[in-house]
Every structure is written in C-alpha cells, then in structure tokens.
Amino acid sequence: MLNQASESLKKAKKVVFVTGAGISQESGIPTFRGKDGLWRNYDAMKLATIDAFYENPKLVWEWYNERRENIFQAEPNLGHKAIAELEEFFEVVVLTQNIDGLHQRAGSSKVLELHGSIVKIKCTVCDFNEETEYKFSQFPPLCNCGNILRPDVVWFGEGLPQNVWQEAIEHANNCDVMIIAGTSLVVSPANTLPFYAKQNNATLVEINPSETAMTPDMDLSIRATSATALPKLLSEIKNKN
Ligand code: APR
C-alpha cells in the first residue's frame, strides 16, 4: 500500500492533506471519539457545543483550559514533520480539523484550520480576537468590554468560517492526491472534502490504524499510525527522486 501511495505521489504536482485528531495522538493529545473522548466523565462531543458553552461556560472553559495547557506543552510528531518536509517535492496544502497549531509548528506553510484555533481567544460580543498562550485562572474569563471570552474554535451548532471553507473546497477540487490522515471522517462538512477531490480524479489515500466510514471510498488504505506511515512515505519519495 505504501509503495502504491508513493507511486501516486511521485506523479503528483499538488497534494492535499485532510487531517484530524489522530495525527496529533502521538503528540499526546487525545482524540475525540472512542475511549479517549472522555474528560472527567463528560463526553467531549457534548462539551464541544455552543449550547453546552452557554449552559455552563465555566465547565466548558475548564475543559478548554486543560486542553490549552496540554497542547502548549505538546510537540509536533514525526507525522506532522513529514508533511512539512514533503513541501520539497510538490505543492502541499493541509486542511486540518485540528485546533492545536501543530502542523504550523512542524513547519507546514499552507494550513487551513477548518475548526478554528485553540490558541486564539475571541469575545462573544465585541470584535476582540487575539492569539495568546496566556494562562487564564478565572472561568469564564471576561473581555475588557465586560462580556465572556471564548476559544476561537468551531463548535457543533456553528458554521465553519466561510472564507476558509471555500478555499478548502478549491484546494480539494484541484489536487492530484488527497491523503486523509487521523480522522474518523464522521464530521460534516470536512468529510465531504474527499468527494471534491474525487471530482478531479485525485487518488484518495487514507492513513489510519482503523477502518473509517469512508474506507470503501478510498483508493488506498494504509493501516498504520501517521507517525509511522508518513515518515516511511517521505523516505520512499526521497529515494525515488
Ligand atoms: N495515527 C493516525 N490515526 C489515528 C491515530 C494515529 N496515531 N490514533 C487514532 N487515529 C484515528 C482513529 O482511528 C480515528 O479514526 O484518528 C481518528 C480520530 O477520530 P476522531 O476522534 O473522531 O477525530 P476527528 O476525526 O478529528 O474529529 C473531527 O470532531 O469533535 C469534533 O471538532 C472536533 O475536529 C473534531 C471533529
């Protein structure tokens, strides 16, 4: 499978990565679904909603605060780094559902954050929006305008930033290979991106230790973790050049 994937990559001019929580799992950041998706016995899926935030902003903020601390201590892993290094061989665009900023820290130059960023904080009312690693101690923290601050992430019940989404569709529409790494592909609209790529006859490659709902739609499925498979792909590409 790896060999077939590297053959496709060798011919590619533009490669789009669609990434999810699984790619950061080997950096010590828990995924959302399955056994990892619990925090103090709360289901992460139920906390990451606009309704949960307005019902209990303190609780949701405490969760985000812990995640911020964990993410700020985490380092990009070999999977993130391999994606960044692949820019040497073809155009690479990363469309990520992750909010952790690890692709950028690994050196990827073109990253579109579909679900926002945990590093950014914005006001629920005024237009305050800032990238900060500040350690908040009172939850929910308040803006200078007196209203509640929130992480600049996309919650269930909210739409994706439209400019980012439109640009993501364009990249998906004109890539030669799409590599889908570390995502269960159950969350819409990110899980429609492979179909845009397919319209351009792109080769779809999945990297995931488990099957996903969209495995039958893939051209190739590599059953390995991303920090194992991506460096191997990178070295095959290097050897072929
Ligand atoms: N390498 C590659 N894949 C992995 C690894 C790993 N080391 N570990 C786990 N995985 C896979 C799992 O098999 C699973 O398919 O990563 C996937 C993680 O799936 P989810 O937890 O559902 O994460 P994701 O797909 O990113 O979720 C999408 O849902 O809650 C929302 O907004 C949140 O962005 C998130 C979105």
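A crossing of two helices is called left-handed if the near helix is turned anticlockwise from the far one by less than a right angle, and right-handed if clockwise. In this predicted model, local features need pLDDT of at least 70 and side-chain atom pairs count only at pLDDT 80 or more, while totals for chains, interfaces and linings use all residues. Residues are numbered from 1 along each chain as its sequence is written, and side-chain values use heavy atoms, with hydrogens and water left out.

By the definition above, α6 passes α10 in a left-handed crossing. Helices (H or I, at least four residues) and strands (E, at least two) are DSSP runs, numbered from the N terminus. The axes of α6 and α10 are 7 Å apart, and the two helices pack at an angle of about 30°; axes here are lines fitted to C-alpha atoms, for helices over the stretch in contact, and angles run from 0 to 180 degrees between N-to-C directions. That angle makes α6 roughly parallel to α10, since angles under 35 degrees count as roughly parallel, over 145 as roughly antiparallel, 65 to 115 as roughly perpendicular and the rest as oblique. From α6, residues L78, G79, A82, I83 and E85 meet S226, A227, L230, P231, L234 and K238 of α10. This contact of α6 with α10 comprises 7 nonpolar, 2 polar and 2 charged residues; Ala, Val, Leu, Ile, Met, Phe, Trp, Tyr, Cys and Pro count as nonpolar, Asp, Glu, Lys and Arg as charged, and the others, Gly among them, as polar.

Helix α6 spans residues 78–85, and its buried residues are G79, H80, A82, I83 and A84. Buried means under 20% relative accessible area, exposed over 50%, and partly exposed in between (1.4 Å probe, protein chains only). The buried residues of α6 pack against β1 (14–19), α2 (22–25), β4 (91–96), α7 (102–106) and α10 (226–240).

A side-chain oxygen of N77 reaches to within 2.7 Å of the backbone nitrogen of G79. N77 counts as buried, at 7% relative accessibility. Leaving aside neighbours within four places in sequence, N77 is in contact (heavy atoms within 4.5 Å) with I23, S24, E26, S27 and A227.

Helix α10 also meets α1 (residues 2–11): their axes come within 9 Å and cross at roughly 55°. That makes α1 oblique to α10. The contact joins L2, N3, A5, S6, E7, L9 and K10 of α1 to A229, K232, L233, E236, I237 and K240 of α10. By class, these residues divide into 6 nonpolar, 2 polar and 5 charged. The crossing of α1 past α10 is right-handed.

Two further buried residues lie in other elements. P57 is in helix α5 (residues 57–73) and is buried, with a relative accessible area of 18%. Not counting residues up to four places away in sequence, P57 touches A52, P140 and I148. P57 and L149 are 92 residues apart in sequence and 9.5 Å apart in space, C-alpha to C-alpha.

S117, in strand β6 (residues 116–123), is buried with a relative accessible area of 4%. A polar atom of the S117 side chain lies 3.1 Å from the backbone nitrogen of V119. Apart from neighbours within four places in sequence, S117 is in contact with I99, D152 and V153.

How values were computed. A polar contact is a pair of N or O atoms within 3.5 Å; within protein, one must be able to donate a hydrogen and the other to accept it, and residues adjacent in sequence count only if both atoms are side-chain atoms.
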